[in-house]
Amino acid sequence: MSAPGAPRRIAYLYILPAFAFYILCVLLPVIATLGISFLTWDGLTPAHWNGLGNYLDLFHDERALTALRNALVFIVYYSILPVAAGLLLAGVMARAPIHGLTFFRTALFLPQILSGVVIGLIWIWVYSINGGPVNAFLGLIGLGYLRDAWLGSFAWALHAVGFIGFWVDFGFCMVLFLAGVQKIPAELYDAARVDGAGRFREFVAVTAPAIRYEIAVALVLTIITAMRNFDTIWNSSQGGPGITTIVPSIEVYNRALLTGQVGSASALAIAVALITLVLTVTVLRVFESPE
Amino acid sequence: MKYSRFERSTNYIILGFFALFALAPVVGIFFISLRGPGIIGGGIDFSAGIHPENLVQAWDDGDFFHSIRASTLVTLTVVPIATFVSVLSGYAFATMHFRGSRLLLLLIIFGLMVPYESTIVPLYYGELSIGVADTLPGLIVPMIGIHMALGTFWMRAAFSTFPAELIDAARVDGASSWVTLWRVAVPALRAPILTLIILIFVYTWNNFLYALILVSSQDTRTAPLTLSQFQGQYVQNYTLTAAGAIIVALPVVVLYVVFQREFVRGTLTGVIK
């Protein structure tokens with residue numbers, strides 16, 4: 001028997017099953033997607049080598065470009081606005097003791113556990129033209145003339161679908177930041193108050209720096225959700241009206257399974273994976289550097 | 001230092017506002033599912049009474065029996081296997097030294113960042129070509145695969161908090177790594193393991209994209225997939241589609257309410273490690 005701390009071959013046996021599943025279902029498919037992205041293939045007949053053709057075509061492909069642009073808009077709704085809302089709440093609440101936090105936390109986190117299908121269906125109702133809550137509310141406050149079929153509107157659908165993402169993620173950011181704030185020593189706040197700092201100064205000087213890691217984590221996770229999002233969009237606007245709300249994942253699905261552009265679908269999927277990687281690594285870099 | 005009554009009450013008002021904003025759409029759809037069957041439009045209107053039997057009608061019309069059964073089979077297979085395998089790999093990464101461990105860990109954690117859409121093309125065509133498309137195993141295996149990154153990451157973090165001296169002591173006493181894992185480490189880490197179980201359960205039950213591309217028949221369609229098609233059929237019938245949504249969401253909502261502490265705390269500490 002070897003001494004504690006010595007290298008152990010048995011470790012490979014322990015990680016083997018996890019890697020078997022991971023390689024078979026994640027790593028090999030990603031590599032295969034990369035391979036297919038260099039081909040012209042309709043999914044049925046033999047494929048042809050196309051080099052970087054599929055990637056170059058993306059640059060003047062209206063649908064793909066719209067999908068990528070929409071993904072960036074969704075980052076605002078899924079990531080930036082929820083993080084901003086979370087920071088606002090963290091700043092206001094600072095360290096004041098909160099009773100019944102469990103209840104608030106449970107409520108704020110609820111959207112996180114629902115299936116995208118359920119979420120899409122809920123919001124179809126919320127936005128519905130005929131008596132849905134949004135339009136009913138507008139009528140109630142005397143703005144009835146603004147009523148619209150939000151998900152069917154060329155002008156509003158993108159923002160209506162984006163707002164669903166805000167609803168899903170804001171509570172997650174708030175709970176994450178509140179948890180971070182509660183670890184900040186009370187003396188820091190006491191000191192700031194003695195120095196006569198107001199709430200805003202207190203936030204900039206104490207709260208925000210203390211939860212910078214939480215902010216980075218929230219940004220990374222929500223950016224990933226925004227970039228891979230399929231379920232809520234497919235089940236609310238389905239990319240419409242027209243192509244106003246299509247996102248890369250929907251376009252990958254369309255091309256790979258419906259329109260026989262499997263090579264192009266793969267190129268788009270790889271492009272999105274790379275963009276996601278660059279964005280998340282950038283966020284981590286920015287927040288990594290110590291004060 | 002004391003905080004003023006004003007500060008406290010504004011805190012509650014703000015928290016309450018956001019909590020209400022998170023809850024209202026869900027509570028609203030629940031109310032909609034109980035309306036009189038004849039009521040059209042989006043109003044919450046109980047003038048025709050309360051009709052819990054809508055759930056039964058949605059259950060029958062949407063054929064949720066088969067899809068809830070499929071979802072249950074998939075979830076109850078994925079959760080134990082994915083958890084077990086994650087416990088093993090997390091244990092190795094946290095407590096053993098071996099060549100290439102850093103690189104292998106990075107490789108598997110990379111899976112946390114992979115967008116699902118970059119796996120679906122080969123999964124779809126691969127499963128078609130080997131004849132496992134539209135079977136439950138053909139859905140179960142990829143669903144286990146996508147949880148390996150989270151599971152390994154999670155269990156490694158959990159085992160890292162376990163005192164190394166205890167593991168070394170067991171080893172010096174002659175216990176094998178297997179015995180140490182199950183007799184010493186796992187009993188002490190029931191809380192994080194329970195959290196992982198809940199996370200994998202929720203993600204597996206809710207998964208839609210893999211079900212959409214990999215399964216389609218009556219016996220393999222999962223509950224979210226059936227709900228999506230059901231809502232496509234009854235576009236304007238909010239009462240019935242809301243009832244369908246309640247059927248599909250109920251298991252995870254119940255699980256969440258019972259284990260909300262584990263779920264929320266787990267998610268938070270998990271992402272912070």
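Helices (H or I, at least four residues) and strands (E, at least two) are taken here as DSSP runs, numbered from the N terminus. The structure is a predicted model, in which local features need pLDDT of at least 70 and side-chain atom pairs count only at pLDDT 80 or more, while totals for chains, interfaces and linings use all residues. Residues are numbered from 1 along each chain as its sequence is written, and chains are lettered from A and ligands numbered from 1 in the order in which they are written.

The secondary structure of chain B consists of 14 helices and zero strands, and the C-alpha trace of chain B spans about 75 × 70 × 30 Å along its principal axes. Of the 273 residues of chain B, 47% count as buried, a residue being buried if 20 or more other C-beta atoms lie within 10 Å of its own, exposed if 12 or fewer, and partly exposed in between, with C-beta atoms placed from the backbone. Contacts are assigned to two residues if their C-beta atoms, placed from the backbone, lie within 7 Å; among such contacts in chain B between residues at least 6 apart in sequence, 76% join residues at least 24 apart.

Between the chains, 79 residues of chain B are in contact with 84 residues of chain A. The largest share of the side of chain B that touches chain A, 14 residues, is contributed by α1(B). By class, this side of chain B has 54 nonpolar, 19 polar and six charged residues, where Ala, Val, Leu, Ile, Met, Phe, Trp, Tyr, Cys and Pro count as nonpolar, Asp, Glu, Lys and Arg as charged, and the others, Gly among them, as polar.

A nonpolar core is a set of buried Ala, Val, Leu, Ile, Met, Phe, Trp, Tyr and Cys residues joined through C-beta atoms within 7 Å. The largest such core holds 170 residues, of which V118(A), I122(A), V175(A), F177(A), Y91(B), I120(B) and A245(B) touch the most other members. Helix α7 (residues 157-181) of chain A supplies the largest share of this core, 18 residues. Leaving aside neighbours within four places in sequence, I122(A) is in contact with P25(B), V26(B), I29(B) and A245(B).

Within chain A, helix α3 (residues 62-93) and helix α10 (residues 212-228) pack at an angle of about 150°, with their axes 9 Å apart; axes are lines fitted to C-alpha atoms, for helices over the stretch in contact, and angles run from 0 to 180 degrees between N-to-C directions. That angle makes α3(A) roughly antiparallel to α10(A), since angles under 35 degrees count as roughly parallel, over 145 as roughly antiparallel, 65 to 115 as roughly perpendicular and the rest as oblique. The contact of α3(A) with α10(A) has 12 nonpolar, four polar and no charged residues.

Several loop positions have backbone features of note. In chain A, Q238(A) is found in the loop between α11 and α12 and has a positive phi of about 55° although it is not a glycine; Q238(A) is partly exposed, with 15 other C-beta atoms within 10 Å. A cis peptide bond, with omega about -5°, joins G240(A) and P241(A), and P241(A) lies in the loop between α11 (231-234) and α12 (248-258) of chain A. In chain B, D134(B), in the loop between α5 (117-130) and α6 (136-145), has a positive phi of about 60° although it is not a glycine.
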